[in-house]
Amino acid sequence: MSQAAERDWSYYLFVLPALLLSACVILVPALLTLILAFTDWDGVSRPVWLGLDNFRDLLSDITFWRAIFNNVKWTVIFLTIPMAIALVVASLLLTRRRSQRVYQIIFLLPYVLSPIANASIWSNMIFDQRSGVLGYLNKRLLPMQDPLGHVSTALYTVASVDIWHFWGYLAVVFFAAMRQVPTDQLEAAYLEGAGGWQIFRHVTLPNILPTIALMFVMVTIFSFLTFDYVYLMTGGGPAHSTELLSTLAYGFAFRSFEVGKAAAIGLFMSLFGLIAAVAYVWMSRESVRR
């Protein structure tokens, strides 16, 4: 065997552990989910092949369509509010020379804390009508409704908690991207007499557009995978007003033991993530061509 062939085989041997781990953790569960989506299985007995019946049942289920609509609303919220807050805060961080690291740590604290702890703090210490902050205001100052207990406000209340937990991460990512903007472009803009907004719009923003595009895709994927805060704070209620695809799949799998339908919902969730990934690849190719 030639030396070049031995080198090629050594490359494969080094990559083999990572490939095996990916196959066990990602590929095998994905294939099992794909197969189970076409079956009727309760998690214990032998699966029964149903074909497309699970998908037909879901497409005729009002709760399923409501979960999709809630997921779309959740995605729109997270593609606008936390992204805008993060861009503004990251721009302001550039003006803080000595305290940048301190602010970054403070912004990241909610993100690194456990979702269970965050959800418990907000549900029991702030939104609780008996012992929380809103309960205190309701008794002593002005009557306030429970934002987690009303159909019109529950989804936005949970989203606000998740935004509080997530926007600091985006701010730190955008700040890191802004620090990579070429200094010669910034100096040229200053010499031309450009103001802060003009520099951000014409110099900083074009340079961090790849990072923004990547975060758009990641936020879209994360939005369709959101489970923890909704499940911990409302469980999908009241009246399915906060029901997302992830919580609906959980309910089918572990409450009604319809694992086939849960797997079918998982395929729909993967489809939305795949669309976001394809859009990002297309945008990347277009930017390279330009």
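Visitor: Is Thr-157 buried or exposed, and what is its relative accessible area?

Guide: Thr-157 is buried, at 8% relative accessible area (buried is under 20%, exposed over 50% and partly exposed in between, with a 1.4 Å probe and protein chains only). The model is predicted, with local features requiring pLDDT of at least 70 and side-chain atom pairs pLDDT 80 or more, while totals for chains, interfaces and linings use all residues. Residues are numbered from 1 along each chain as its sequence is written, and side-chain values use heavy atoms, without hydrogens or water.

Thr-157 belongs to helix α7, residues 154-178 (helices are DSSP runs of H or I, at least four residues, numbered from the N terminus). A polar atom of the Thr-157 side chain lies 2.7 Å from the backbone oxygen of Thr-153. Leaving aside residues up to four places away in sequence, Thr-157 touches Phe-127, Pro-147 and Leu-148 (heavy atoms within 4.5 Å).

Helix α7 also meets helix α9, residues 196-225: their axes come within 10 Å and cross at roughly 140 degrees (axes are fitted to C-alpha atoms over the stretch in contact, and angles run from 0 to 180 degrees between N-to-C directions). The two helices are therefore oblique to each other, a class left after under 35 degrees (roughly parallel), over 145 (roughly antiparallel) and 65 to 115 (roughly perpendicular). From α7, the contact includes Phe-166, Tyr-169 and Phe-174, and from α9, Phe-200, Ile-208 and Met-215 are among the residues involved. By class, the residues of this contact are 13 nonpolar, 2 polar and no charged (Ala, Val, Leu, Ile, Met, Phe, Trp, Tyr, Cys and Pro are nonpolar, Asp, Glu, Lys and Arg charged, and the others polar).

Key:
Polar contact = N/O pair within 3.5 Å; in protein donor to acceptor, adjacent residues only side chain to side chain.
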